[in-house]
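Please keep the sequence and the 3D view at hand while reading.

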Amino acid sequence: MVRLLAIGAGLLFTLVVMVSFVVDAYNAATTETPKTAEKVFYKPAEAPAGGWSFAGPLGKWDIAQLQRGYKVYKEVCSACHGMKFIAFRNLAELGYTENQVRAEAATWQVPGVDPATGEAIMRPAEPTDYIPSPYPNDVAAAAANNNAIPPDLSLITKARKNGTNYVYSLLSGYQEIPAELTEQFPEFSTPFGLYYNPYFKYLNIAMAPPLMSDGQVTYDDGTEATVPQMSEDVTAFLTWGAEPTMIKRKQTGWPVMIFLVFATILAWMAKQQIWSAVKPSKRKD
Amino acid sequence: MADTSGTATAETVAEHDGDDGVRRRDFINIAALSAAGVGALGAVYPLITQMAPSADVLAESSTDVDVSAIEPGQAIKAVFRKQPLFVRRLTPEEITAANDTPTSSLRDAESLADRTKEGHEDVLVTMGVCTHLGCVPLGAAEGEDKGEFGGYFCPCHGSQFDTAGRIRKGPAPTNLEVPDYEFTSDTTIRVG
Amino acid sequence: MSFPWAKQYTPANDFTKWIDEKLPLPRLVYNAVGAGYPVPRNLSYMWNFGVLAGFCLVLQIVTGVILAMHYAPNALVAFSSTEHIMRNVNWGWMLRYAHANGASFFFLVLYLHIFRGLYYSSYKAPREMIWLLGVVIFLLVMATAFMGYVLPWGQMSFWGAKVITGLFGAIPLVGEPIQIWLLGGYAPDNAALNRFFSLHFLLPFVTAGVIILHIWALHIPGSSNPTGVEVKSESDTVPFHPYYTAKDGFGLGVFLIAYLAMVFFLPNFLGHADNYIEANPLATPANIVPEWYFWPFYAILRAFTFDFILPAKLWGVIGMFASILLWFILPWLDRSPVRSGHYRPLFRKFFWFGLIPCILVLGYCGGAHLSTFTILASQIATAYYFLHFLVILPLISSFEKPEPLPYSITEAVLGSDKQAVLGENAQPAV
């Protein structure tokens with residue numbers, strides 16, 4: 001009885017889903033999905049030629065690069081993007097001393113309260129403060145940016161697929177609309193207030209090219225500030241910001257792995273030895 | 001594994017593996033079990049240390065206080081490590097009262113000079129935490145009961161502190177704690 | 001356990017004797033996973049996953065209780081408190097990655113455990129109750145995992161909560177009120193987050209209780225084995241300890257290597273980037289997908305696209321729930337007297353060339369971007385899924401001619417069943 005009911009139910013489910021299948025297959029066969037510019041000209045993100053110092057299980061931060069990246073962030077990105085999960089005290093991990101961190105924090109203004117009157121004021125930041133957003137709220141951010149809210153950058157490289165390469169490719173990938181694109185899709189255009197970037201999924205992105213000319217930032221260590229160099233440096237900094245514990249994580253992983261392999265080999269030997277008594281085929285005699 | 005390695009008899013094993021078989025077999029089991037024990041201990045370490053203060057809590061352990069606006073005889077309450085911090089500017093009379101008390105008569109012998117910074121003997125910085133059981137003593141705000149000795153009075157169990165924040169009467173075992181601090185300028189102190 | 005040759009617990013000294021009289025807990029453990037539990041001697045490594053699943057539950061409870069010490073279940077701060085764990089709490093990053101990947105490995109182990117049960121027909125009499133309790137455990141773990149995924153309050157958390165509670169909205173008439181009741185509002189917010197947190201904390205302990213019943217039910221008939229032939233004599237079994245404790249110890253080592261390699265080197269590989277964006281009720285992610293372990297069921301949900309008498313949405317929900325609930329009647333669908341797939345030529349073909357590819361296709365389609373191809377493929381796979389369990393399994397035993405079974409487990413292992421063969425080595429020479 002159970003089996004008869006089950007067979008009935010099974011055939012019913014099969015029938016229903018196959019009806020869906022036939023309808024969908026018919027629709028797929030009769031309607032043609034037009035090719036879009038997004039499908040043809042979108043480029044997947046790539047790493048810079050030299051790769052990343054922090055990539056792979058043995059990766060390490062390049063401290064000088066992170067410092068340069070912080071400078072690019074501060075002088076360029078921070079005009080529109082905050083990093084609300086990064087406190088100035090975290091900059092100590094970029095090799096700055098406590099006093100340098102305190103001085104660096106003081107160059108930023110954060111919202112505060114006047115201790116005498118209680119009024120809202122801007123005050124110099126302290127090491128325990130977090131990197132502020134340039135906008136008081138999302139409405140102000142949207143209003144100032146043609147309705148596109150600049151995202152907080154604390155987690156940006158984790159919040160995008162293949163995030164580190166994506167940010168790098170996007171920053172260094174602004175260009176004119178290629179001639180072939182116009183040839184193939186004459187109706188494709190970049191609306192006012194958007195910018196063409198093949199690494200963005202919809203090709204037209206609301207962020208204006210932030211890094212436009214070589215030397216836009218003057219590096220303290222004398223590195224030549226080309227656009228790819230600045231993109232690479234700031235991406236490294238943002239990757240650090242998204243997961244400051246990344247290198248510690250990898251470095252903790254190695255001893256754990258080595259110990260586990262050792263312990264598992266021991267466990268295997270113990271198991272073999274315990275089972276040797278009841279596994280006649282494995283015995284040597 | 002442990003108890004069976006104990007039950008193995010030398011005879012049964014020796015029949016199969018020769019003389020040093022026992023040792024080798026026992027050794028493998030003991031080593032495997034020890035490795036498991038070491039691994040378990042290693043795993044416990046992060047599970048315990050996660051309860052210690054986190055990085056953001058540790059980072060809050062220094063506070064800057066502007067002391068310029070405090071008039072003699074007044075005190076302000078600041079916050080240091082999520083606990084009240086009393087900063088008091090002593091009047092000449094209060095300083096005299098504190099210095100006139102012989103330290104030998106005190107439960108916790110400290111002079112006013114021990115408890116203030118050189119050149120700033122009129123600025124008394126103490127934790128606002130009674131050393132008895134941690135209540136906040138009265139006396140920092142205008143009009144509060146300052147106790148018999150004109151300093152601080154803890155309402156929980158009646159501890160009385162003098163103008164140097166020293167315990168004079170009541171159950172508290174020690175003087176109000178003076179945290180580590182320094183004058184970063186003539187008007188500002190950094191606590192912690 | 002009822003085998004007459006099972007070893008009896010004997011207290012070693014006066015203290016353990018005293019304990020044994022007042023609270024025979026050591027005796028219970030001895031009989032459950034100690035030398036007092038005779039287990040078939042021929043279990044393969046596929047029998048390791050039950051113990052590993054238990055280990056995963058303990059791992060999730062330990063890391064979860066600790067994360068709850070730092071997490072704040074409030075829509076305003078849930079996302080920041082998760083980042084606080086990652087950045088500020090001592091070893092917080094490790095504990096969170098261990099918990100997140102622990103869920104994935106829990107499911108991996110559970111699925112292998114279930115596939116073991118399906119291939120060797122562990123659900124058949126006399127083990128139906130073990131199987132039924134196992135399905136209950138699976139449902140509980142699924143519910144727990146879903147609610148846990150909501151807690152970080154990222155985009156996937158939010159939209160996952162919205163979509164899954166939306167499933168109940170498909171029920172005619174009462175659907176929408178039920179969805180609103182489940183969420184405590186019109187969209188996921190504080191009320192939903194708080195109840196999910198509460199239940200996410202509670203359900204693992206309920207699961208632990210059902211696992212005790214699962215193991216209790218297991219100890220009545222004893223473990224199944226790869227031949228499917230029941231235990232006949234003492235030579236068919238070995239004591240659980242030390243034989244299977246040693247084997248499980250080795251299995252645990254291999255498991256930990258794979259698991260911790262993920263935790264330390266690829267902790268976000270199984271996750272989704274969108275969940276690092278804070279929940280935003282005004283923007284839906286481009287591709288809402290659940291975690292990988294729900295992909296096959298999600299594919300079944302999306303496979304129903306045509307309003308056939310009932311709305312397609314309702315069919316999807318019915319199909320998805322039915323795909324798991326049908327496991328409850330599995331013991332009464334498969335009537336072949338032979339348990340092990342080893343000796344069932346026809347069943348084996350359907351299992352390896354039908355069911356396994358079908359689940360893999362469903363898994364792929366459930367995780368992939370919606371496209372014509374994934375929809376069509378998942379429709380064929382869904383049809384096969386229901387056909388396999390509800391039609392093929394009940395019918396197959398009528399046509400199938402099973403291969404000859406060994407007389408006993410001992411014969412399967414040694415080639416012949418003579419007490420003498422084992423007799424000289426019956427005692428472990430440890």
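1. The model is predicted. Its largest nonpolar core has 121 residues. Those with the most contacts inside this core are L52(C), A53(C), C56(C), F106(C), V109(C), L362(C) and Y385(C). Leaving aside residues up to four places away in sequence, L362(C) touches P296(C), A299(C), I300(C), S378(C), A381(C), T382(C) and Y385(C). Another core, of 43 residues, lies apart from the largest one and includes V72(A), L171(A), F200(A) and V217(A).

2. Two packed helices are described by the angle between their axes and the distance between the axes. In chain C, helix α11 (residues 295–303) packs against helix α12 (residues 312–325) at an angle of about 150°, and their axes are 7 Å apart. Because angles over 145 degrees count as roughly antiparallel, α11(C) is roughly antiparallel to α12(C). The crossing of α11(C) past α12(C) is right-handed.

3. Which residues of α11(C) and α12(C) meet? From α11(C) come F297(C), I300(C), L301(C), R302(C) and A303(C), and from α12(C) come G316(C), V317(C), G319(C), M320(C) and S323(C). The residues of this contact comprise six nonpolar, three polar and one charged.

4. The contact between chains C and A involves 51 residues of chain C and 48 residues of chain A. On the side of chain C, the elements giving two or more residues are α4 (78–87), α10 (240–265), α12, α13 (330–333) and α15 (372–399). Helix α10(C) gives the most, with 14 residues. By type, the residues on this side of chain C are 38 nonpolar, nine polar and four charged.

5. Chains A and B also touch, through twelve residues from chain A and eleven residues from chain B. Helix α9 (residues 246–275) of chain A gives the most to the chain A side, with eight residues. That side has nine nonpolar residues, two polar and one charged.

6. Most residues other than glycine have a negative phi, and most peptide bonds are trans. The bond from A125(C) to P126(C) is cis, with omega near 10°, and P126(C) lies in the loop between α5 (92–119) and α6 (128–150) of chain C. The bond from H241(C) to P242(C) is also cis, with omega near 5°, but P242(C) lies in helix α10 of chain C.

7. L173(C), in the loop between α7 (155–168) and α8 (175–183) of chain C, has a positive phi, near 65°. Is L173(C) buried or exposed? L173(C) is exposed, because 7 other C-beta atoms lie within 10 Å and a residue with 12 or fewer counts as exposed.

Terms used: Residues numbered from 1 in each chain as written. Chains lettered and ligands numbered in written order. Predicted model: local features only at pLDDT ≥ 70, side-chain atom pairs only at ≥ 80, totals over all residues. Core = buried A, V, L, I, M, F, W, Y, C linked by C-beta atoms within 7 Å. Buried ≥ 20, exposed ≤ 12 C-beta atoms within 10 Å, placed from the backbone. Contact = placed C-beta atoms within 7 Å. Axes fitted to C-alpha atoms, helices over the stretch in contact; angles between N-to-C directions. Helix = DSSP H or I, 4+ residues; strand = E, 2+ residues; numbered from the N terminus. Parallel < 35°, antiparallel > 145°, perpendicular 65-115°, else oblique. Left-handed = near helix turned anticlockwise from the far one by under 90°. Nonpolar A, V, L, I, M, F, W, Y, C, P; charged D, E, K, R; others polar.
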